[in-house]
Every structure is written in structure tokens, then in C-alpha cells.
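Welcome to this tour! Please open the model in your viewer and keep the selection tool at hand.

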Amino acid sequence: MTALASSIPPSWYLLLASAIFCIGLFGVLTRRSALYFLMSVELMMNAANINFVAFALYYGDLTGQVFALFVIALAAAEVAIGIGIILVLYRNFGTTDVTVPAEMRW
């Protein structure tokens, strides 16, 4: 274990990650704007990244950091597709409210 891993217990990392995940989950469940929804999903992914990196640091293994890099790449792709969907939603309905479109149409 490194000096940093011995000075900060993993429970602090888990507490931070669970708080960030809960904030993201609250945003997903309560917000109606597609942009806030997208940002909330990003918070939830970052909470998972904190867990991956914290356990990689605690166990001295790089596997968690590799998974975190894959999650970052997945998040970048998700943002690119999500912004495209938000733009189409705004162009077709004039709002980014996800409750307005009742069905997808051509």
C-alpha cells in the first residue's frame, strides 16, 4: 500500500462516491430537462470511477484504473450521442423537456 492509501481509508472514498451517485440518481429521477438528465448520468458514472480508482489504490492493482479509463471513454461517447438527441428534441419540440414527446416519429 502506498502512503496515500494508508492515510485515507477506503470508506471515505466509498462515502464520497455514494454521495455523488445519490445526487446523480436524484437528478435522474426528478429533473425533466434532458440536459440535466445527461449531467446526472455523468455524475453517476464519475461515482463509479471513484470506486474503481479507490479500490485500485487500496489493492495496489491497476485493473480499477483501466476500467475507469473505459468508463471515461464510454461517457464521452454517451455525451456525443446525448447532445445529438437533445438537439433533435429541441428542434422537433422546441423544448428539452423529456416528458413532452409522447412518441418518436419520423
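Two residues are in contact when they have heavy atoms within 4.5 Å of each other. We will need that idea at one of our stops. Please keep in mind that this is a predicted model.

**Stop 1: the whole chain.** Show the chain as a cartoon. Turn the view and follow the C-alpha trace, which spans about 55 × 25 × 15 Å along its principal axes.

**Stop 2: the surface.** Buried residues make up 25% of the 106 residues.

**Stop 3: the annotated spans.** Colour residues 12–29, 36–60 and 66–90, which an unreviewed UniProt entry lists under "transmembrane region". Start with residues 36–60: this span is 96% helix and 0% strand, with its end C-alpha atoms 36 Å apart. Then move to residues 66–90, where the span is 100% helix and 0% strand and the end C-alpha atoms lie 36 Å apart.

**Stop 4: E78.** Select E78, which lies in helix α4. Which residues is E78 in contact with, leaving aside its neighbours within four places in sequence? Show L38, V41, E42 and M45, and you have them. E78 is buried yet has no salt bridge. Its nearest side chain of opposite charge is R31, and that one is 15 Å away.

**Stop 5: the salt bridge.** How many salt bridges does a search of the whole structure find? The search finds one. Select R32 and D97 to see the pair, whose closest N and O atoms are 3.9 Å apart. The two residues come from distant parts of the chain, 65 residues apart: R32 is in the loop between α2 (10–30) and α3 (34–59), while D97 is in the segment after α4 (63–93).

D97 has 15% relative accessibility, so it counts as buried. The cut-offs behind those words are over 50% for exposed and under 20% for buried.

**Last look.** Among contacts between residues at least 6 apart in sequence, 55% join residues at least 24 apart.

Terms used: Residues are numbered from 1 along each chain as its sequence is written. This is a predicted model: local features need pLDDT of at least 70, side-chain atom pairs count only at pLDDT 80 or more; totals for chains, interfaces and linings use all residues. Side-chain values use heavy atoms; hydrogens and water are left out. A salt bridge is a side-chain nitrogen of Lys or Arg within 4 Å of a carboxyl oxygen of Asp or Glu. Helices (H or I, at least four residues) and strands (E, at least two) are DSSP runs, numbered from the N terminus. Buried means under 20% relative accessible area, exposed over 50%, partly exposed in between (1.4 Å probe, protein chains only). UniProt positions are given in the numbering used here, feature names are shortened, and annotations may be inferred rather than shown by experiment. Lys and Arg count as positive and Asp and Glu as negative; His and the chain ends are not counted.
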